[in-house]
Amino acid sequence: MARVYNFSAGPAVLPEEVLKEAAAEMLDYNGTGMSVMEMSHRSKAYDEIIKTAEKDLRELMNIPDNYKVLFLQGGASQQFAAVPMNLMKNKKAAYIVTGQWAKKAYQEAQMYGEAVAVASSADKTFSYIPDCSDLDIPEDADYVYICENNTIYGTKFKELPNTKGKTLVADVSSCFLSEPVDVTKYGIIYGGVQKNVGPAGMVIVIIREDLITEDVLPGTPTMLKYKTQADNDSLYNTPPCYNIYICGKVFKWLKKMGGLEAMKEHNEKKAAILYDFLDQSELFKGTVEKKDRSLMNVPFVTGNEELDAKFVKEAKAAGFENLKGHRSVGGMRASIYNAMPIEGVEKLVEFMKKFEAENK
């Protein structure tokens, strides 16, 4: 069976050469006579895997020395609780609600203190990013929280909010490693890896050292204290070993591709092919304000639910998988992460043109 063009929002497409390498090493990693899946996380071979992965990620993102890199279980959603548990010293935080995941994080934070929604784009079904240049951020807020790229609705912060000097915390799950980023602008930047970086089941947390303290909310589980994880270099307990190994291979692939500058160029070129078609199509239209469009997740509709369903069905038959929109939105969504080749998007647009001609 030939590989399909997989437009899934996550778990998502991975670079083919990474999968082939992992396949070749499945039974015997580097002469150890065993798979990475079977290896002790305390072994010398594994120690090298996790250290190299961190080193390559630091190089890719230019992560300063005063930031810790943590490879943790639980995905991004577990951080919705970990962030307030570790950072809510004044029991107050500002949340910018631009979609479902930001909303879930905001709701979770309300269990631990006062979460204040200082901006929201719910009024227009999260189809834009609100102006965040002069928000009414509470004086005693411990941090300002954003979800930087909206996987479901296809929006992206092109400019970070003015946090009025407060710590910025960002969930970057669906734009992770898709473009260069200035880590120093964030207190915490984290992302579930299953969209752009690796297999599901892990989150990478990059956190400024001054935010890692013993002073956490009472009742914070040992495993959810950043200090526990940082003091033990992500090895307090058995980490998601195989995930870290695959992510490490993806980091090497990204470096080989020219790093994040090159990825950004590649992703802009790729997204433009699809957006340019949507802008001139008579049948399909994008659902996001142009200035806020994501490079990673592209939602679109025909305006007719039956036609949408027909499109998804015919696209699947033609080898384009996972184009159905999120259940909360309907329509279609093409997620075109780093590993989606340009020809995947070109062929999708060809198919859309044909569909349009047949269904006008």
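## A charge over a ring

A charge is taken to sit over a ring if NZ of Lys or CZ of Arg is within 6 Å of the ring centre and within 35 degrees of the ring normal. In this predicted model, Lys124 lies over the face of Tyr128, at 5.6 Å from the ring centre.

Strands of a sheet pair through backbone hydrogen bonds, in either a parallel or an antiparallel sense.

Strand 12 comprises residues 297-301 and is joined to strand 11 by two bridges. Here Lys285 has Val301 of strand 12 as its bridge partner. Strand 12 and strand 14 pair over four bridges, again in the antiparallel sense, and Asn297 has Ser335 of strand 14 as its bridge partner.

From strand 14, Met332 and Ala334 point one way, while Arg333 and Ser335 point the other way. All four of these residues are buried.

## Aromatic pairs

The count of aromatic pairs comes to 16. One of them is formed by Tyr29 and Tyr245, an edge-to-face pair at 5.8 Å centre to centre with 90° between the planes. Tyr29 lies in the loop between helix 1 (16-24) and helix 2 (44-61), and Tyr245 lies in helix 6 (residues 241-256), so the pair ties together parts that are 216 residues apart in sequence. Both Tyr29 and Tyr245 are buried.

Phe320 and Phe351 form a tilted pair, at 5.5 Å centre to centre and with 40° between the planes. This pair links distant parts of the chain, since Phe320 belongs to strand 13 (residues 320-321) and Phe351 to helix 9 (residues 342-359), 31 residues apart. Phe320 counts as buried because its relative accessibility is 6%; Phe351, at 10% relative accessibility, also counts as buried. Both residues belong to one aromatic cluster, formed by Tyr5, Phe7, Phe277, Phe284, Phe300, Phe311, Phe320, Phe351 and Phe355.

Thr302 is found in the loop between strand 12 and helix 8 (305-317). With a relative accessibility of 14%, Thr302 counts as buried, because buried means under 20% relative accessible area.

Two polar contacts involve the side chain of Thr302. A polar atom of this side chain lies 3.0 Å from the backbone oxygen of Asn304, and a polar contact of 2.6 Å joins the side chains of Thr302 and Asp308. Residues up to four places away in sequence not being counted, Thr302 touches Leu283, Phe284, Leu307, Asp308 and Met332. Among these, Phe284 is part of the aromatic cluster, and Met332 is one of the buried residues of strand 14.

## Thr287, between strands 11 and 12

Thr287 lies in the loop between strand 11 and strand 12. At 33% relative accessibility, Thr287 counts as partly exposed.

Not counting residues up to four places away in sequence, Thr287 touches Ser127, Pro299, Phe300 and Val301. Of these, Val301 is the bridge partner of Lys285, and Phe300 is part of the aromatic cluster. Thr287 and Thr155 are 132 residues apart in sequence, with a C-alpha to C-alpha distance of 9.6 Å.

Terms used. Residues are numbered from 1 along each chain as its sequence is written. This is a predicted model: local features need pLDDT of at least 70, side-chain atom pairs count only at pLDDT 80 or more; totals for chains, interfaces and linings use all residues. Side-chain values use heavy atoms; hydrogens and water are left out. Two strands pair if DSSP finds at least two bridges between them. Rings of Phe, Tyr and Trp (its six-membered ring) pair if their centres lie within 6.5 Å; planes under 30 degrees apart count as stacked, over 60 as edge-to-face and the rest as tilted. Buried means under 20% relative accessible area, exposed over 50%, partly exposed in between (1.4 Å probe, protein chains only). A polar contact is a pair of N or O atoms within 3.5 Å; within protein, one must be able to donate a hydrogen and the other to accept it, and residues adjacent in sequence count only if both atoms are side-chain atoms. Contact means heavy atoms within 4.5 Å.
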